[in-house]
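User: I would like to learn how to read helix packing and strand pairing from coordinates. Please take me through one example.

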Amino acid sequence: MSAFIIEGGHPLQGTITPQGAKNEALQVICATLLTCEPVTIENIPNIRDVNNLIQLLKDIGVKVTHEGAVGGAFTFQAADLNMAYLESDDFVKKCAALRGSVLMIGPLLARMGKAVITKPGGDKIGRRRLDTHFLGFKALGAKFRHIEDRNVYEIKAPSSNLKTQSSKLKGAYMLLDEASVTGTANIIMAAVFAEGTTTIYNAACEPYVQQLCRMLNNMGAQIEGIGSNLLTIHGVQQLHGTTHRILPDMIEVGSFIGMAAMVGDGIRIKDVALEHLGIIPDAFRRLGVKIDIEGDDLIIPRQKHYVVDSFIDGTIMTLSDAPWPGLTPDLLSVLIVVATQARGSVLIHQKMFESRLFFVDKLIDMGAQIILCDPHRAVVVGHDRKLTLRAQRMSSPDIRAGIALLIAAMSAKGTSRIDNIEQIDRGYENIEGRLNALGAKIIRE
């Protein structure tokens, strides 16, 4: 198990460019299963979760070629899928270890008429149910069978026509029980070949879902309502190849804003795709972080102090997560760390996952003034930089808590150690190398 050794107290200065978006990459890579023609995807991040998914596609027979340097373009051609391997215990075992594998169900169900699924792995951040996915597939006519001795679910279209690569799913109207991003993406991919028209209400409308829809339309799909929570999908017989470029990762952009606020001495974040960041910059501004905009770059100047806003009626500032265009839950961990050195207090309300705030115990051990009210709410009383966090030995419980702890360690007095950094590697490409180039002192062991 690898670890980071972080010597705190070194200011960061310079320019950094965000990687391609992890969550978009997982969706659009799985979408390549919908056609036998080549699909080229640019700006794929070189991170653990994405690399594992690419390897999984290779294992099932997808031809994958890498063009250019690391982080360049990949071309996927799913012309000859190994159906026997898709039903094997080895495939199911690999899927169970990778959360993103759940996004293969929709394309496989649509094109091959069948998929096998077990509970996928990923972050230890609480219950992440798949009901939305299954209810959507069921509305399209899919049938489920639990195979008890293998503890897997077999999902089948009523019938399939492999010659035309078209399942016999039927278009339907559905009102999703929650605006699940992966659920929406999975149902969209299943519905592109369904006969007739599919209407998805309460669909997730995150930029990455929008990107998936645009890519599918460029492949020949007919999807209307992109960017809204009401999607209409007219089924087609087949899709063709295309070239698609992944957006910058807005979670990494937010992470860099947090680093710049805590330990920055003037940081420029380049090519952030500002129009797709939503209210992320404003969330940091509510903590008093100054953010300047220059073209498509964000500039975060050095601030001796940053002061938490209050609401118009004078009540304590509250930051809470919500489906897009609300604040993404993936950045609440970073916002908590930034708040520890602000002037003022803030209530962080994590609504979507019941275990994501437990990492604050590690920040409390570092000297942060945080009251964990319950699994969903924490009050942070800022130090106003009058009390520096103490170095500690910690372990990363998930991707986002891991990067938050890394930010805390860079601001702390002394040398910290973070174990289980494989979690951080799942979402951040060469993070120590990129931060060391700005002046950080991080060693990988």
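**Reading the fold**

Analyst: The chain has 15 helices and 25 strands. The model is predicted.

User: What radius of gyration does the chain have, and what would a compact globule have?

Analyst: With 445 residues, a compact globule would have a radius of gyration near 22 Å, and the chain agrees, at 22 Å. Along the principal axes, the C-alpha atoms fill a box of roughly 70 × 50 × 45 Å.

User: How are two packed helices described?

Analyst: By two quantities: the angle between their axes and the distance between the axes. Take helix α9 (residues 250–263) and helix α13 (residues 399–411): they pack at an angle of about 20°, and their axes are 9 Å apart. Angles under 35 degrees count as roughly parallel, so α9 is roughly parallel to α13. The crossing of α9 past α13 is right-handed.

User: Which residues make that contact?

Analyst: From α9 come Ile251, Ser255, Gly258, Met259, Met262 and Val263; from α13 come Arg400, Ile403, Ile407, Met410 and Ser411. By class, the contact of α9 with α13 has seven nonpolar, three polar and one charged residues.

User: At what angle do α1 and α8 cross?

Analyst: Helix α1 (residues 22–31) and helix α8 (residues 207–218) cross at roughly 25°, and their axes come within 9 Å. That makes α1 roughly parallel to α8. α1 passes α8 in a right-handed crossing. On the α1 side, Asn23, Glu24, Gln27, Val28 and Ala31 take part, and they meet Tyr208, Val209, Gln211, Leu212, Met215 and Leu216 in α8. The residues of this contact divide into seven nonpolar, three polar and one charged.

User: Now the strands. How do strands of a sheet pair?

Analyst: Strands of a sheet pair through backbone hydrogen bonds, and the sense is either parallel or antiparallel.

User: How many bridges join β11 to β12?

Analyst: Three bridges join β11 to strand β12 (residues 197–201), and the two run parallel. Leu175 stands opposite Tyr201 in β12.

User: In which sense does β3 pair with β5, parallel or antiparallel?

Analyst: Strand β3 (residues 39–42) pairs with strand β5 (residues 73–77) in the antiparallel sense, over three bridges. Within that pair, Val39 has Phe76 in β5 as its bridge partner. β3 also pairs with strand β15 (residues 243–245), in the parallel sense and over three bridges. There, the bridge partner of Glu42 is Arg245 in β15.

User: Finally, backbone details. Where is Asn202 found, and what is its phi?

Analyst: Asn202 is found in the loop between β12 and α8. Its phi is near 65°, a positive value in a residue other than glycine.

User: What is the omega of the peptide bond from Trp324 to Pro325?

Analyst: Omega is near 10°, and the peptide bond from Trp324 to Pro325 is cis. Pro325 is found in the loop between β19 (317–320) and α11 (332–339).

Methods: Residues are numbered from 1 along each chain as its sequence is written. This is a predicted model: local features need pLDDT of at least 70, side-chain atom pairs count only at pLDDT 80 or more; totals for chains, interfaces and linings use all residues. Side-chain values use heavy atoms; hydrogens and water are left out. Axes are lines fitted to C-alpha atoms, for helices over the stretch in contact, and angles run from 0 to 180 degrees between N-to-C directions. Helices (H or I, at least four residues) and strands (E, at least two) are DSSP runs, numbered from the N terminus. Angles under 35 degrees count as roughly parallel, over 145 as roughly antiparallel, 65 to 115 as roughly perpendicular and the rest as oblique. A crossing is left-handed if the near helix is turned anticlockwise from the far one by less than a right angle, and right-handed if clockwise. Contact means heavy atoms within 4.5 Å. Ala, Val, Leu, Ile, Met, Phe, Trp, Tyr, Cys and Pro count as nonpolar, Asp, Glu, Lys and Arg as charged, and the others, Gly among them, as polar. Two strands pair if DSSP finds at least two bridges between them. The radius of gyration is taken over C-alpha atoms; the globule rule is 2.2 Å times the number of residues to the power 0.38.
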